[in-house]
Amino acid sequence: MLRFKLRFGIKWSVKKCWVSSKNPAYKSQGEQHKSQGEQHKSQGEQHKSQGEQHKSQGEQHKSQGEQHKSQGEQHKSQGEQHKSQGEQPFAPTVNSSLRLCVKKFLYSDLFMTWKSYDLDQKAQHLILKHRDQKGVIGQSHKMRITVAYGLERFWGEQLRLLEKEPAKGEYWRDTWKSFVKIMQEAGIKLPQEDVNRNNTPQIQQFAAKLWELPIEDQRICLAVLTQFCDSLVWWTQRYKKSGVGDDE
């Protein structure tokens, strides 16, 4: 009897499954489940891919963070070196004594200690050389103003005057050449060759040499030129002839 029930139950279950598989409704649901399964699988692959991308980006950010940290350490080290250098006393050399004087001029009232470069004597020589030409040494005041516009404009003023007012142009040119000799003693080489105002390539080459000077050298040159022009103005006031205005 038990054997009959088992055989009958198995046949019934097989028959039921076979009937269910032939049922269109069950078949449609199976297809839907299969489709949903494919979608879930596809979404899973996408999430996995996104996870890999996030992981890769995380590694990149980590690497960048390490680089920034390394750069920060380098900058800190450089800052310590600069601080250490700033605390060391300035040791002048043969060519740096003028630089030392200029630094004192820029940051303190100690510029009067500068005596060996004879700015006053050279300024006096220029004024006496051009004193007898009417309206020439009054250009000293314009020189002092022009310094604020830079080396290239100061040098270029002679080109404008040499053709229109040769005497004034020669005074500007002599002043520039005297200034060049002063800076040579400080180890700063400035161009001094004569330039034809009608020769554009020559003017461009000369101006380029001035623009290419290191910024520190430019500042030192302008500081010295300012002091030199102050000396020219002082001697102009002392040696100008009676009845002559400041601009004459």
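Modeller: Residues are numbered from 1 along each chain as its sequence is written, and side-chain values use heavy atoms, with hydrogens and water left out. As the model is predicted, local features need pLDDT of at least 70 and side-chain atom pairs count only at pLDDT 80 or more, while totals for chains, interfaces and linings use all residues.

Colleague: Why are helix 4 and helix 7 called roughly antiparallel?

Modeller: Helix 4 (residues 119-130) and helix 7 (residues 166-185) pack at about 160 degrees, their axes 11 Å apart. Helices here are DSSP runs (H or I, at least four residues) numbered from the N terminus. Axes are lines fitted to C-alpha atoms over the stretch in contact, with angles from 0 to 180 degrees between N-to-C directions. Angles under 35 degrees count as roughly parallel, over 145 as roughly antiparallel, 65 to 115 as roughly perpendicular and the rest as oblique. Helix 4 and helix 7 are therefore roughly antiparallel.

Colleague: Which residues make the contact of helix 4 with helix 7?

Modeller: With contact taken as heavy atoms within 4.5 Å, helix 4 contributes Leu119, Lys122, Leu126, Ile127, Lys129 and His130, and helix 7 contributes Glu170, Tyr171, Asp174, Thr175, Ser178, Ile182 and Glu185. Five of the contact residues are nonpolar, three polar and five charged. The classes are nonpolar (Ala, Val, Leu, Ile, Met, Phe, Trp, Tyr, Cys and Pro), charged (Asp, Glu, Lys and Arg) and polar (the others, Gly among them).

Colleague: How do you know how helix 6 runs relative to helix 8?

Modeller: Helix 6 and helix 8 (residues 200-211) pack at about 155 degrees, and their axes are 9 Å apart. That makes helix 6 roughly antiparallel to helix 8. Leu151, Glu152, Trp155 and Leu159 in helix 6 meet Ile203, Phe206, Ala207, Leu210 and Trp211 in helix 8. The contact has eight nonpolar, no polar and one charged residues.

Colleague: What lines the largest cavity?

Modeller: A cavity is a set of points on a 1 Å grid over the protein atoms alone where a 1.4 Å probe fits but cannot get out, and lining residues have an atom within 4 Å of a point. Grid points are joined across faces, edges and corners, and the volume is the space filled by probe spheres set on them. The count comes to one cavity of 30 Å³ or more, and the largest cavity has a volume of about 30 Å³. Its lining consists of Trp155, Gln158, Arg173, Trp176, Lys177, Gln192, Glu193 and Asp194. Helix 7 gives the largest share of that lining, three residues.

Definitions and conventions:
Helix = DSSP H or I, 4+ residues; strand = E, 2+ residues; numbered from the N terminus. 1 Å grid on protein atoms, 1.4 Å probe; cavity = no way out; pocket = protein on both sides within 12 Å on 5 of 7 lines; lining within 4 Å.
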